[in-house]
Amino acid sequence: MHCKHTNADLQLTSMRFNQISSSARDTLALFAGVITVIAAALIAPSAWAQNSDLSACMAELRPAARTAKVTDATWARHTAGLQADFSVIEKLNFQPEFRTAIWDYMAALVDDERVADGAARLNEQRAALARAEQRFGVDAATVVAVWGVESNFGQTFGKYPLVQALGTLSCHGRRQSYFRGEFFAALRILQAGHIAPERLVGSWAGAFGHTQFMPSTFERLAVDFDGDGRADLMDSSVDALGSTANFLARAGWQSGLPWGIEVKLPAGLSLAGEGRRTKRPVADWAARGVRRIDGSALPDSLGSVGLLTLAGAKGPAFLVTRNFDALYSYNAAESYGLAIAHLSDRLRGAGPFATPWPTDDPGLSRAERRELQGLLVMRGHDIGPVDGMLGDKSRVAIRTEQQRLGHEADGRGGQKILKALRGG
Ligand code: CA
């Protein structure tokens, strides 16, 4: 089980227990448009919070580390004087006040900007991507889509020194035994010389690099794809592309099979019991009246497929293959799998989904989020940096403007408030 923080450029808080795990996106239970205030079970700072010295805990962990093949020299070098960073415990205990609707999630993860950036990367990295396809059987658009969603093509890695973050999580908070495994794995990665110690930074939960692998995932699946002798997911995008393709291949990716297709459902089709895992032959779906989105017959070549609907029968619907399951396994969230799948289709030249999300207030791209933030700044709100991420300060400002305009004051940035503020 892995635990991983979601990609930083969408403030989705959560944990990824995957690569068969949960995720930001997992706990991110995407209930369409629902904003839930969770009575924050805030963990009060207790006695240990006053003491950031980890030396006693490290002394306790040392025998287990030795068993886990961390040498005494590595241990001494990286744990001497290690201080806890309690901000990672706050992240671990954080309960999001704001649940992200699927249309907000998708609008920011698969926007024109990311499609254009991805097309540029496809071109720049075509040699490495062709080699990855040849060796692992995973096509270039899929690999680049994962890269774009995981780290915005290497631009968003997280900023926590991994040894400190994982050392803290090994000694404090929930799930210490899980994090100890990752802590030891991080130390073995340094011991093997794959990544320089000062470069090993990532999410608060320990995911790092272009592919946001957890350390144990790195050990299982990272590959040296540029041939310099090290698997460096921090500073080699070629290693990262090869490692991503290897991940998907090991997750069961079948070469040449699409992830799925958008479909049109017949009126009254029951969704009860259906889902990604409930695979049926395409002919069964055809017999129940499911068609391609343009109304034509389903392609037999998809084989056995499940029906995926993330916003009910009125929203976009998809028949998904085992390759969707491989994407899902990267972060154990269907919304996440769909973002990668859709971005890969967009990189192949497809347009947006034919069926709109069932909302009268669609989500904003990152460019639109920045525009909204600019309009809030012009109205005198302090929202921090105009970075396209609608965090707490932006939401407070949006709520104030919504109240002024007589909108529902939910603090959510969607098309309605953007259009209202554009109009002054
Ligand atoms: Ca390398």
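**Notes on a predicted model**

1. Start with strand β5. Two bridges link β5 to strand β7 (residues 291–292), and the two strands run antiparallel. Look for V263: opposite it, in β7, stands R292. Please keep in mind throughout that this is a predicted model.

2. β5 has another partner. Strand β9 (residues 317–320) pairs with β5 through four bridges, again in the antiparallel sense. To find one of these bridges, go to G260, whose partner in β9 is V320.

3. Is β5 mostly covered or mostly open? Mostly covered: the strand spans residues 260–264, and four of its five residues are buried. While you have the strand on screen, recall a general rule.

4. Now the cysteines. How many disulfides does a search of the whole structure find? The search finds one. This disulfide joins C57 to C171, with an S to S distance of 2.0 Å. C57 sits in helix α2 (residues 55–67) and C171 in helix α9 (residues 162–171), so the bond ties together parts that are 114 residues apart in sequence. As a reminder, a disulfide is a covalent bond between the sulfur atoms of two cysteines.

5. Stay with that pair for its geometry. Why is the disulfide called left-handed? Because the torsion about the S-S bond of C57 and C171 is about -90 degrees. Both C57 and C171 are buried.

6. Next, check the backbone at K69. Its phi is near 70 degrees, a positive value in a residue that is not glycine. K69 belongs to the loop between α2 and α3 (72–79). Is K69 buried or exposed? Its relative accessible area is 63%; exposed means over 50%, so K69 is exposed.

7. A332 also deserves a look. Phi of A332 is positive, at about 55 degrees, although A332 is not a glycine. Where does A332 lie? In the loop between α14 (322–331) and α15 (334–347). A332 has a relative accessible area of 6%; buried means under 20%, so A332 is buried.

8. Finish at E401, in helix α17 (residues 392–405). E401 is buried, because its relative accessible area of 4% falls under 20%. Which residues does E401 touch, leaving aside those up to four places away in sequence? They are L376, R379, H381, I417 and L421.

Notes:
Residues are numbered from 1 along each chain as its sequence is written. This is a predicted model: local features need pLDDT of at least 70, side-chain atom pairs count only at pLDDT 80 or more; totals for chains, interfaces and linings use all residues. Side-chain values use heavy atoms; hydrogens and water are left out. Buried means under 20% relative accessible area, exposed over 50%, partly exposed in between (1.4 Å probe, protein chains only). Two strands pair if DSSP finds at least two bridges between them. Contact means heavy atoms within 4.5 Å. A disulfide is a pair of cysteine sulfur atoms within 2.5 Å.
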